[in-house]
Structures are given as structure tokens and as C-alpha cells.
Amino acid sequence: MISNSWNKAAGESISQRVMGKVKPDIPLKTKIEEAQRKLQFQITKLEGITEKLQKKHDGIFEKVVNAQKS
């Protein structure tokens with residue numbers, strides 16, 4: 001018996017392997033919702049970082065302006 005990529009020793013038929021590749025394991029809607037949750041988490045995290053950086057920027061700017069005035 002010749003063994004090649006079409007014949008697997010595991011006994012899996014060609015149609016089973018093709019369907020395994022074509023048919024997604026997890027429903028697409030679930031994957032999209034999970035991706036949206038991850039993106040929303042990242043957006044919230046980045047908004048927090050942006051707010052902190054803006055506060056630091058404003059503080060430094062105020063110090064520079066006060067130093068220029070005096």
C-alpha cells in the first residue's frame with residue numbers, strides 16, 4: 001500500500017478531511033462577537049492611556065508656561 005498525502009494512516013476519509021477544512025469548528029457569529037469584545041477592551045484600554053497622557057501633557061505644558069512667565 002502506497003502512503004501519500006491523500007491516504008492517512010489515521011483512517012480518516014478524504015471527504016471527512018475536506019469537510020473538516022471547509023466547515024468551521026466555531027460558528028462565525030461567535031468568532032465575530034469575541035473579536036468585537038477584544039477590540040472594545042483594547043479601545044477602552046487605549047482611551048485610558050490617552051487620558052493619562054493628556055493629563056501629563058497638560059501638566060508639563062503648564063510648568064513650561066509658568067517657567068517662561070517667571
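Which residues form a nonpolar patch on the surface? I started there, and found I14, V18 and V22, with about 260 Å² of accessible area together. For patches I took residues with over 30% relative accessible area and no salt bridge, joining nonpolar side chains (Val, Leu, Ile, Met, Phe, Trp, Tyr) within 5 Å and like charges within 9 Å.

A note on the source: I am working with a predicted model, where local features need pLDDT of at least 70, side-chain atom pairs count only at pLDDT 80 or more, and totals for chains, interfaces and linings use all residues. Residues are numbered from 1 along each chain as its sequence is written, and side-chain values use heavy atoms, with hydrogens and water left out.

Next I looked up the fold elements. I noted 2 helices and 0 strands in the protein, taken as DSSP runs numbered from the N terminus (helices: H or I, at least four residues; strands: E, at least two).

Of the 70 residues, 1% count as buried. My classes were buried under 20% relative accessible area, exposed over 50%, and partly exposed in between (1.4 Å probe, protein chains only). I14, at 41%, is partly exposed.

Last, I checked salt bridges, meaning a side-chain nitrogen of Lys or Arg within 4 Å of a carboxyl oxygen of Asp or Glu. I got 2 by this rule.

- E34 and R37 pair up at 2.8 Å, N to O. Both lie in helix 2 (residues 28–69), 3 residues apart, about one turn of the helix. I have E34 as partly exposed at 32%, and R37 as partly exposed at 49%.
- K55 and E51 pair up at 3.7 Å, N to O. They also lie in helix 2, 4 residues apart, about one turn of the helix. Here K55 is exposed at 57%, while E51 is partly exposed at 47%.

Terms used: Areas by Shrake-Rupley, 256 points an atom, 1.4 Å probe, with all protein chains shown as cover.
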